[in-house]
Amino acid sequence: MAIEINGKTYETDEEGYLADLNQWDEEVAKKMAELDDCELDENHWQVINFLREYYDEYQIAPAVRVLTKAIGKKLGKDKGNSKYLYQLFPYGPAKQACKYAGLPKPTGCV
Amino acid sequence: MLHTVNKSPFDKNSLKTCLSHSLKDSDILLIEDGVYGAIKDSAMSGDIEKALTDRKIYVLESDIKARGIDSSRLVQGVAIVDYGGFVELAASNDRVQSWL
Amino acid sequence: MSTVKKFMYVNRHAPYGSIYALEGLEVVLIGAAFDQDCCMAFIDDGVFQLVKGQDSSASGMKNFSPTYRALGDYEVTRLYVEKESLMERGLTKSDLMELTYEDEDDDWAEKPSIQIVERSELGRLMEEQDVLLNF
């Protein structure tokens with residue numbers, strides 16, 4: 001599978017995750033969200049950028065429990081809870097946000 | 001605790017490490033290439049004899065047969081078990097640790 | 001799951017020559033979601049997994065050593081490294097990555113995760129576990 005934006009092709013796996021994380025840019029994140037009928041606002045970007053930084057540092061996509069705790073620490077308690085994160089990413093914060101961030105599916109996420 | 005070892009001690013140190021970490025009264029079952037560890041007069045047999053003073057050591061019958069190891073060539077005190085015996089060992093011990 | 005079990009993941013293999021180390025680490029991260037009491041032991045060549053300064057870029061393999069630093073986030077806070085295994089390989093504690101966790105019960109104080117233990121002590125620790133998984 002692949003996503004095409006302005007003549008540029010982004011290879012994805014069968015679940016829509018980006019095949020090569022280095023290919024990621026904001027355009028492909030927006031396009032992925034659009035395909036899910038989701039419009040990315042500033043709050044989405046906070047989480048997406050957080051995930052990219054986490055991956056850069058630890059080389060893994062965090063489990064949702066870890067993500068929730070870490071977001072709370074970084075962005076405040078009102079954001080570090082699953083209700084808030086599920087509102088932003090109804091398909092599951094780890095799964096959906098990781099996809100937009102160009103990361104592989106979180107380890108342990110089935 | 002039941003320990004299983006499936007690598008030859010002449011290739012990997014799994015058996016040596018198992019012997020140095022298992023406590024007394026443990027059961028140690030050698031399977032697959034692990035059975036080479038039970039051959040007498042080998043570089044390993046001294047360690048096996050020492051372990052036999054406070055632990056039990058078993059080899060899986062089908063694996064020694066497959067490798068042409070006659071029971072007379074095993075370190076004295078090593079017991080031979082069939083698959084049924086393997087199951088009994090696993091059932092009679094509360095835990096199993098598999099040394100790979 | 002109603003009862004918490006004590007799990008120990010025993011790592012005995014070096015990081016890049018076989019898949020054991022990476023698979024073991026992934027199993028630990030997956031298992032951490034089940035709220036069990038997890039610890040890890042590093043013995044034999046397993047101690048090489050924690051050596052600092054790993055750079056696998058030229059080999060084309062993924063450097064997964066940074067992932068050990070995430071273990072604290074996953075509440076895996078006890079990494080037992082066998083003293084004799086380090087010594088046999090010419091290593092000391094200072095050759096290992098500094099791995100820490102934040103202690104929730106102590107105002108999130110940062111504490112070291114690595115504990116150097118002797119072989120005999122590790123044997124006893126293994127006997128205390130409910131489940132032992134070797135990699």
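A salt bridge, as the term is used throughout this tour, is a side-chain nitrogen of Lys or Arg within 4 Å of a carboxyl oxygen of Asp or Glu. The model is predicted, with local features needing pLDDT of at least 70 and side-chain atom pairs counted only at pLDDT 80 or more, while totals for chains, interfaces and linings use all residues. Residues are numbered from 1 along each chain as its sequence is written, chains are lettered from A and ligands numbered from 1 in the order in which they are written, and side-chain values use heavy atoms, with hydrogens and water left out.

Select B:Arg95 to begin. This residue forms a salt bridge with B:Asp94, with 3.5 Å between the closest N and O atoms, and another with C:Glu127, where the closest N and O atoms are 3.3 Å apart. B:Arg95 counts as buried at 12% relative accessibility, whereas B:Asp94 is exposed at 63%; buried means under 20% relative accessible area, exposed over 50%, and partly exposed in between, with a 1.4 Å probe and protein chains only.

Next, show chains B and C together. Here 14 residues of chain B are in contact (heavy atoms within 4.5 Å) with 20 residues of chain C. B:His21, B:Arg95 and B:Leu100 supply 41% of the area that chain B buries against chain C, more than any other three residues; buried area is the accessible area (1.4 Å probe) that two parts lose on being put together, summed over both. Between the two chains this area is about 1400 Å², of which carbon and sulfur atoms give 50%, and the count of salt bridges between them is 1.

Stay in chain B and pick B:Ser98, which lies in strand S5 (residues 96–99), strands being DSSP runs of E with at least two residues, numbered, like helices (H or I, at least four), from the N terminus. B:Ser98 is partly exposed, with a relative accessible area of 32%, and, leaving aside neighbours within four places in sequence, is in contact with B:Thr4 and C:Asn134.

Move to chain A and select A:Asp36 and A:Lys99, whose side chains meet in a salt bridge (3.9 Å, N to O). A:Asp36 lies in the loop between helix H1 (26–35) and helix H2 (42–58) and A:Lys99 in helix H5 (residues 93–100), so the pair ties together parts of chain A that are 63 residues apart in sequence. Both A:Asp36 and A:Lys99 are buried.

Finish in chain C, where the side chains of C:Asp37 and C:Arg78 meet in a salt bridge (2.6 Å, N to O).
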